[in-house]
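Open the model in a viewer and keep the selection tool at hand. The stops below are meant to be taken in order.

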Amino acid sequence: MFSRHTISDKVAFALVAFFLGELGDGLNIFQGIYLVALGWNEGSVGIALSMMGFTALLTQTIAGDIIDKTTFDRRKFLSMAALMTAFSASAILFVHEGNVDHALMYITKIIEGVSSSFIGPCVAALTLASFGPDEFDAVMASNIFWGHVGSIVSAVLAGLTAWITYPNIRYCFLVIGFSALLAVVGVKLLPEGDVLMGRGLKGNSNRVAVHSGDDGNDYANMDVQGSSSWSSTQGSIASPKCSSNSVAVEEHAISSYWEIFSDRKTVVLCFTGFFFHFANANVLLVLGELMGGDDEDGNTKRSAIPLIAGAIVLAQFTMSGATYAGDKMTKGGWGRKPLFLAGLLTLPLRCFLIILWQDSGEAWLLSTQILDGIGGGFFGLLHPYLVADITFGSGRFNVIMGLTASCFGLGGTLSNLLGQMVVEKFGHVASLTGSLFLSVIPIVLFTLAMPETAGSRGTNTKSTAVVVDNTGVSA
């Protein structure tokens with residue numbers, strides 16, 4: 001059995017990211033198609049799927065702030081969040097045939113929204129706490145890559161299960177619960193890291209953060225007057241946690257909420273992400289409805305969920321490639337801005353091609369997911385990079401991760417809600433046309449208003465005293 005000293009921390013993070021990827025939003029698309037097959041109308045499906053998004057909108061910024069300030073083990077937060085997300089997402093197994101059980105779906109989607117709000121900030125905080133700002137990009141790129149691979153495996157397993165058990169396709173959702181259990185096991189392999197580093201500070205100079213290297217040795221980050229260096233401890237340091245109940249540390253940079261929320265770069269990123277997801281989120285659901293259709297008896301075709309699985313697999317496979325390529329390009333000196341814009345530009349082209357090829361067959365429609373993969377891959381990779389560039393040294397890394405995720409989630413939620421209402425009243429082409437026009441807004445906004453952030457990490461510093469204790473971090 002694996003232990004903390006048999007695999008490196010980077011591999012441990014990759015394993016957790018893989019299993020968390022299997023909890024991804026792709027299964028929400030399966031849920032939408034399944035509910036329509038049970039007898040729900042598109043408007044009710046849109047409301048159900050949007051409940052999670054609206055809840056996450058209200059909780060993600062708060063979740064990020066909690067993860068910033070807490071000294072409660074972030075790994076326990078991550079385990080609980082994964083389990084609650086899986087249990088609530090699996091509640092669809094108890095929905096009966098017909099346009100019924102709305103309350104069950106709405107309540108569990110609210111629970112899912114709260115619990116899932118902690119997953120992203122926890123992973124980002126643990127990564128930053130364990131590897132520091134210099135290694136953060138490389139390890140996050142690995143996490144994101146393996147998260148996409150996990151989504152591919154999840155979609156394949158769900159599609160195969162649905163095909164084998166057709167017409168009783170609900171058992172494909174058991175993939176979620178199994179993945180969550182494996183993720184919890186994997187979390188036990190993660191280091192806790194430096195608590196202060198995890199919130200976007202330079203770390204406590206009186207403390208030593210430890211992570212396991214690929215050679216099996218433990219490496220300690222000795223933070224001395226703002227400079228970091230890694231040295232082998234040969235296992236001599238057992239834990240990076242503070243031994244005392246309250247430890248006063250050197251002065252660190254804690255920006256006020258208003259100072260970091262009102263930063264121009266933060267505002268531009270929030271609005272860009274909002275409009276991108278507002279235009280984008282409903283497109284896959286519409287694509288699935290176009291490809292799935294009904295059979296001669298008016299029931300959802302047996303091929304519907306395997307086709308959606310194929311769409312997700314193709315997109316996630318392309319995202320994996322885009323993540324790998326984007327990581328190499330950023331290391332090669334490419335700035336954040338051109339790669340982010342390249343991702344944004346794929347959306348209007350994708351919408352146009354789906355409209356153009358709506359009657360050309362499933363293969364043509366499926367191929368448009370390559371563009372979704374490129375756009376989602378660059379966007380997902382560069383989001384934490386941009387937030388780290390904007391916030392490192394401010395002490396507000398995770399709260400801005402939460403704030404930006406809330407804005408993205410609001411866009412996605414409104415997209416599912418309003419997009420499905422448009423489908424119900426005006427048809428699929430009208431919904432796609434709306435997404436096409438909306439997709440131009442984030443391109444113009446990011447081009448005109450966002451400066452290049454590469455190389456700016458760590459410039460947010462002020463002096464203010466911070467005290468770490470066993471209940472939380474001040475400020």
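This is a predicted model: local features need pLDDT of at least 70, side-chain atom pairs count only at pLDDT 80 or more; totals for chains, interfaces and linings use all residues.

Residues are numbered from 1 along each chain as its sequence is written, and side-chain values use heavy atoms, with hydrogens and water left out.

**Whole chain**

Start with a cartoon view. The protein has 16 helices and five strands; these are DSSP runs numbered from the N terminus, with helices being H or I of at least four residues and strands E of at least two. Of its 475 residues, 57% are buried, where buried means under 20% relative accessible area, exposed over 50% and partly exposed in between (1.4 Å probe, protein chains only). The accessible surface is about 18700 Å², with 65% of it belonging to carbon and sulfur atoms; areas come from the Shrake-Rupley method with a 1.4 Å probe, and for residues only the protein chains shown count as cover.

**Cores**

Select Leu35, Phe340, Leu344 and Phe397. These have the most contacts inside the largest nonpolar core, which has 79 residues. Helix α9 (residues 264–292) gives the most to this core, with 11 residues. A nonpolar core is a set of buried Ala, Val, Leu, Ile, Met, Phe, Trp, Tyr and Cys residues joined through side-chain atoms within 4.5 Å.

Which residues does leucine 35 contact, leaving aside its neighbours within four places in sequence? They are Trp40, Val45, Ile92, Val95 and Met105, a contact being heavy atoms within 4.5 Å.

**Salt bridges**

The structure holds nine salt bridges, each a side-chain nitrogen of Lys or Arg within 4 Å of a carboxyl oxygen of Asp or Glu. Select glutamate 192 and arginine 75: their closest N and O atoms are 3.9 Å apart. This pair links distant parts of the chain, with glutamate 192 in the loop between α7 (174–187) and β1 (208–212) and arginine 75 in helix α4, 117 residues apart. Glutamate 192 is buried, at 7% relative accessibility.

Next, go to helix α3 (residues 42–69), where lysine 69 and aspartate 65 lie four residues apart, about one turn of the helix. Their salt bridge has its closest N and O atoms 3.7 Å apart. Lysine 69 is partly exposed at 24%, whereas aspartate 65 is buried at 17%.

**Single residues**

Select threonine 346 in helix α11 (residues 336–356). Threonine 346 is buried, with a relative accessible area of 10%, and its side chain reaches the backbone oxygen of leucine 371 at 3.4 Å.

Move to aspartate 101, in the loop between α4 (74–89) and α5 (102–116). Its phi is near 60°, a positive value in a residue other than glycine. Most residues other than glycine have a negative phi.

Finish at tryptophan 163 in helix α6 (residues 119–165). With 41% relative accessibility, tryptophan 163 counts as partly exposed.

Conventions:
A polar contact is a pair of N or O atoms within 3.5 Å; within protein, one must be able to donate a hydrogen and the other to accept it, and residues adjacent in sequence count only if both atoms are side-chain atoms.
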